[in-house]
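I opened my notebook today to look up a few things in a protein model. Here is what I wrote down as I went along.

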Amino acid sequence: MQRAQPQDWYRTTRKGEDVTLIDEPFITPFYRCNMWHVRGRDRDILVDSGMGVVSLRTWVPLVTERALTAVASHTHFDHIGCHHEFEDRAVHRAEADILANPTRVATLADPYVTDEIFDCLPPLPYRSDTYAVSGAQATRLLDDGDIVDLGDRHFEVIHTPGHSPGGIALWEAATGILFSGDIVYDGELIEDTYHSNAQDYYRSMVRLYDLPVETVHGGHFPSYGRDRHREIIRAWLDGKNATTA
């Protein structure tokens, strides 16, 4: 398999409301994390940071222009790979230890990271069998109801355990924007990791169903609006209810 050039590894797409999608187009869609950069008056946030196989700060100037907080929606390998590149790092307290000590098993790099998740391999010296996330001590521990304050924008932390114990979503009531992480997106949802919890997942989905969203920016796959949000969750909840009836 060919290897990509580092300058080609990332792609940025403006989404409106000062939100920019950063992604890694050479990773296959199922494993390709959506990184969300949000511009605020006083500082910016970056929701998730990809695999970390190419330096984000070196090749995406957007993330170095202003003071920035790197927020982890959760601590799987495809979401925290470049968190160590940022001085200000936030994560739910339930997964702070994984962010600081990200073993291959704890981050799901083992068993998921193989050459098959790429359409084009990262630049040398990357090797799938030795890939590992760099540790990054959190500078802020997040809890349900906390506010991430950008000056003129305020994102409420919604604790959404289920996919993982410290999963969070970020909710901006003023715009109806929800950054949902991996608890819900428009694609196959993962409910069977080593630290997933079925009861927590159900409660998180119920909580998000009635949220008056305008736009959902998920951890994977394309963004979507309110009707699709309710359709995805309703179908998921109905499926769970049918299996327990």
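The model is predicted, so I kept to its rules: local features need pLDDT of at least 70, side-chain atom pairs count only at pLDDT 80 or more, and totals for chains, interfaces and linings use all residues. Residues are numbered from 1 along each chain as its sequence is written, and side-chain values use heavy atoms, with hydrogens and water left out.

**Entry: strands.** I saw that S4 (residues 44–47) and S5 (residues 68–71) run parallel and are joined by four bridges. Strands here are DSSP runs of E, at least two residues, numbered from the N terminus, and two of them pair if DSSP finds at least two bridges between them. On S3 (residues 35–39), I found antiparallel pairing with S4, also over four bridges. His37 has Leu46 as its bridge partner in S4. Four residues lie between S3 and S4, which form a hairpin.

**Entry: side chains of S4.** Which way do Asp44 and Leu46 point from S4, and which way Ile45 and Val47? I noted that Asp44 and Leu46 point one way, Ile45 and Val47 the other, and all are buried (under 20% relative accessible area; exposed is over 50%, partly exposed in between; 1.4 Å probe, protein chains only).

**Entry: cysteines.** I counted zero disulfides (a disulfide is a pair of cysteine sulfur atoms within 2.5 Å). Cys33 is in none, with the nearest cysteine sulfur, that of Cys82, 10 Å away. Cys33 is also buried, at a relative accessible area of 0%.
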